Amino acid sequence: TMGEWYTYLILAYGEDSGARLSQSRAERAAAGWGGDSYTAFYNDAQAQTVLALHAQWDSPADADEFAQAFADYADERFDRRVAITDGQCWEAAELHCLFNAGAHTLWLAAPDQATLEALRAAFPDLE
């Protein structure tokens, strides 16, 4: 579990200082947090990371607020937006996509589109 506090920290104090949101905006975006779970894998041989972070929000409006804040953060943090799925996606060293369904969000990071699509298929309830 990452929790509301860590969600806030990612948005307000993330590694890339140019992508950080204001403390008040990050606090509002994280405030509707209702639970989460995440899994991360690293392939040493290929130096590749895969991440899946599924968050439950108190309401669909809270999920939407987080998704918009995350998109603004990601626009600054990652190299560029890409249109490859039904979510909002950005390209950096890996692909990052955010999916929003009702009171849920799903942040996926994968080294390529095929891996991202396979990872997305593991969450059929969020389509």
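In the predicted model, helix α3 contributes a series of buried residues, namely Asp62, Ala63, Phe66, Ala67, Ala69, Phe70, Ala71, Tyr73 and Ala74. The helix spans residues 60–77, a stretch of 18 residues. From its first C-alpha to its last, α3 reaches 25 Å, close to the 26 Å expected at 1.5 Å a residue.

The largest nonpolar core of the structure comprises 27 residues. Within this core, the residues with the most contacts are Leu11, Phe66, Phe70, Tyr73, Trp90, Leu98 and Trp107. Two or more residues are supplied to the core by each of α1 (3–13), α2 (23–31), β2 (48–57), α3 and β6 (104–110). Helix α3 provides the largest share, with eight residues. The surroundings of Phe66 illustrate this packing. When neighbours within four places in sequence are left aside, Phe66 is in contact with Thr7, Leu11, Ala29, Trp57, Leu98 and Thr105.

Charged residues were examined next. Side chains of opposite charge can pair when their charged atoms come close. The count of salt bridges in the model comes to three.

One of the salt bridges joins the side chains of Arg25 and Asp72, with an N to O distance of 2.7 Å. This pair connects distant parts of the chain, as Arg25 belongs to helix α2 and Asp72 to helix α3, 47 residues apart. Arg25 has a relative accessible area of 23% and is therefore classed as partly exposed, the limit for a buried residue being under 20%. Asp72, at 26%, is likewise partly exposed.

Another salt bridge is formed by Arg81 and Asp75, whose closest N and O atoms lie 2.7 Å apart. Arg81 is partly exposed, with a relative accessible area of 41%, and Asp75 is partly exposed with a value of 33%.

A further salt bridge pairs Arg80 with Glu91, the closest N and O atoms being 2.5 Å apart. Here too, distant parts of the chain are linked: Arg80 lies in strand β3 (residues 80–82) and Glu91 in strand β4 (residues 88–91), eleven residues apart. The relative accessible area of Arg80 is 47%, so this residue is partly exposed; exposed residues are those over 50%. Glu91 is also partly exposed, with a relative accessible area of 28%.

Notes:
Residues are numbered from 1 along each chain as its sequence is written. This is a predicted model: local features need pLDDT of at least 70, side-chain atom pairs count only at pLDDT 80 or more; totals for chains, interfaces and linings use all residues. Side-chain values use heavy atoms; hydrogens and water are left out. Helices (H or I, at least four residues) and strands (E, at least two) are DSSP runs, numbered from the N terminus. The expected span of a helix is 1.5 Å times one less than its number of residues. Buried means under 20% relative accessible area, exposed over 50%, partly exposed in between (1.4 Å probe, protein chains only). A nonpolar core is a set of buried Ala, Val, Leu, Ile, Met, Phe, Trp, Tyr and Cys residues joined through side-chain atoms within 4.5 Å. Contact means heavy atoms within 4.5 Å. A salt bridge is a side-chain nitrogen of Lys or Arg within 4 Å of a carboxyl oxygen of Asp or Glu.
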